[in-house]
Amino acid sequence: MADGRRRPGSSPALTLTAALLGFALITLDASVVNVALPSIGSALGGGISGLQWVVDAYTLAFASLMLSTGAFSDRARASRAYAIGIALFTLASAACGLAPNLPALIAARTVQGLAAAVVLPASLALVRQAYPDPARRARATAVWTAGGSVAVALGPVAGGALTTAWDWRGVFFINLPLGAVALALLLRAPRSERRPAPLDLPGQATAALALTALAFAVIERGPAGWATAVVAAVAGAAFLRIEARQPNPVVPLELFRSREVTASVAAGAACSVAFYGVVFVFSLFFQQVQGRSALHTGLVFLPMTALIGVTNVLSGKLAGRHGPRLPMLLGQGLAAAGLLALLHVDADTSPAVVAALFVPLALGCGLTVPPLTALMMDAVPGERAGLAAGVLNAARQVAGGLAIAVFGALVSGTFVTGMRVCLATAATLFGVTWFLSFRLSGRAASSAGTRCGRR
């Protein structure tokens with residue numbers, strides 16, 4: 001049976017293009033805003049904490065709601081969920097661009113994150129239905145993944161160019177024509193079938209509350225921060241209790257009995273902490289400490305972001321030959337070394353030198369992510385692959401969001417000193433995850449490597 005009903009003139013290539021554009025759009029938005037943060041702060045005020053919320057409102061909504069939006073996509077039909085997500089994302093982008101003050105911008109960013117959480121699983125489901133043949137589907141999925149890598153690479157440069165040529169509102173208004181094109185292409189895609197999928201609303205609600213309260217506690221601090229820290233602890237405990245008893249939990253706790261799952265999630269989280277934390281902190285450093293332009297700032301990030309995409313491809317081949325353990329160990333070691341090398345950066349360091357020092361971090365993250373994903377997928381039964389992918393991606397987004405909350409608090413005093421503490425913290429985290437990866441058995445690593453090499 002076909003996955004969806006064909007429309008006149010529809011083709012798998014058009015469906016893939018629609019899915020790819022939406023995925024690239026939400027991925028771009030996760031990084032394009034960072035370079036515009038100083039301009040947003042100058043226009044709307046709010047200080048470091050306000051700028052942290054501009055990023056985290058999107059990231060945390062995206063991460064926490066992603067736990068359930070895969071099930072929502074199946075229940076509502078992938079094509080309908082995708083259309084809803086893209087339309088909502090486009091409208092929220094317009095609201096961001098028109099925001100008269102910081103609270104309005106943060107509220108619109110939250111809606112953007114909610115919409116992005118719907119778009120991601122729906123876009124991948126569209127690719128799945130358009131290519132029922134496994135070999136063609138694997139190639140289409142690789143194209144879809146590459147689109148996200150290109151969007152990540154272009155994000156800081158696009159943010160700098162739009163902010164310099166227009167102003168910070170341009171980084172949001174650019175989403176309007178792109179969203180319209182994605183919706184137009186979707187009209188030619190087949191209608192998806194509705195699939196039964198259980199929803200864990202109590203688990204979803206407590207997870208979102210715990211993450212939001214924790215981020216608030218770190219960013220705001222003071223009496224309000226302590227109060228919300230208590231809320232985060234209570235909500236977190238409630239989440240664990242619900243998940244332990246829920247027949248269809250959003251995060252099955254038994255997954256983490258697997259050493260491979262734990263190592264994969266931890267390494268993925270470390271990569272997100274390093275990447276998103278470094279882009280956030282250095283975007284502020286180049287503009288607020290060194291007085292560089294937004295465009296100059298974006299260009300400094302280009303070698304790092306471009307290398308990650310290229311290294312992802314090489315990592316898959318390396319893992320296919322030697323298993324995922326070797327590239328994961330090599331990658332995390334390189335990333336930690338790169339972070340430690342950046343400790344020598346100060347207000348007088350040339351941007352060209354900083355760009356060169358970003359290279360080991362880029363190579364490290366690029367080597368680590370593809371094999372850890374394959375390792376995660378190999379460690380769970382086939383029928384739980386989608387759920388496991390959701391858990392892994394949500395964990396990575398949460399780690400990135402919390403990194404921005406913590407790193408922003410650390411640089412709010414003496415910037416360069418706080419920046420060095422951030423870098424040392426991220427490097428230490430890689431040390432922990434390197435040890436977890438080192439403890440992986442050769443047999444498990446080899447089987448996952450074969451799987452990764454086939455992708």
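Contact here means heavy atoms within 4.5 Å. Helices are DSSP runs of H or I with at least four residues, numbered from the N terminus. Okay, with that said, what we have is a predicted model, where local features need pLDDT of at least 70, side-chain atom pairs count only at pLDDT 80 or more, and totals for chains, interfaces and linings use all residues. Residues are numbered from 1 along each chain as its sequence is written, and side-chain values use heavy atoms, with hydrogens and water left out.

Let's start with helix 11 and helix 13. A263, A267, A274 and V278 in helix 11 touch M328, Q332 and L339 in helix 13. By class that contact has 6 nonpolar, 1 polar and no charged residues; Ala, Val, Leu, Ile, Met, Phe, Trp, Tyr, Cys and Pro count as nonpolar, Asp, Glu, Lys and Arg as charged, and the others, Gly among them, as polar. The axes sit 12 Å apart at about 30°; they're lines fitted to C-alpha atoms over the stretch in contact, with angles from 0 to 180 degrees between N-to-C directions. So helix 11 and helix 13 are roughly parallel, a label for angles under 35 degrees, while over 145 is roughly antiparallel.

Now the other partner, helix 14, residues 351-378. Its axis and that of helix 11 (259-289) come within 9 Å and cross at roughly 155°, so this pair is roughly antiparallel. The helix 11 side of the contact includes G268, C271 and F282, and the helix 14 side includes F358, C365 and L372. The contact residues split into 17 nonpolar, 3 polar and 1 charged.

On a 1 Å grid over the protein atoms alone, a cavity is a set of points where a 1.4 Å probe fits but cannot get out, and a pocket is an open set with protein on both sides within 12 Å along at least five of seven lines; lining residues have an atom within 4 Å of a point. Points are joined across faces, edges and corners, and volume is the space filled by probe spheres set on them.

The second largest pocket comes out at about 460 Å³. It has 19 lining residues, with A207, L211, F239, V251 and V398 closest to its centre. Helix 15 gives the most, 5 residues, and the lining has 17 nonpolar, 2 polar and no charged residues.

Last, the largest cavity, at about 40 Å³. A30, V55, T59, Y276, Q397 and I404 line it, and helix 3 and helix 15 each give two or more of those.

Notes. Parallel < 35°, antiparallel > 145°, perpendicular 65-115°, else oblique.
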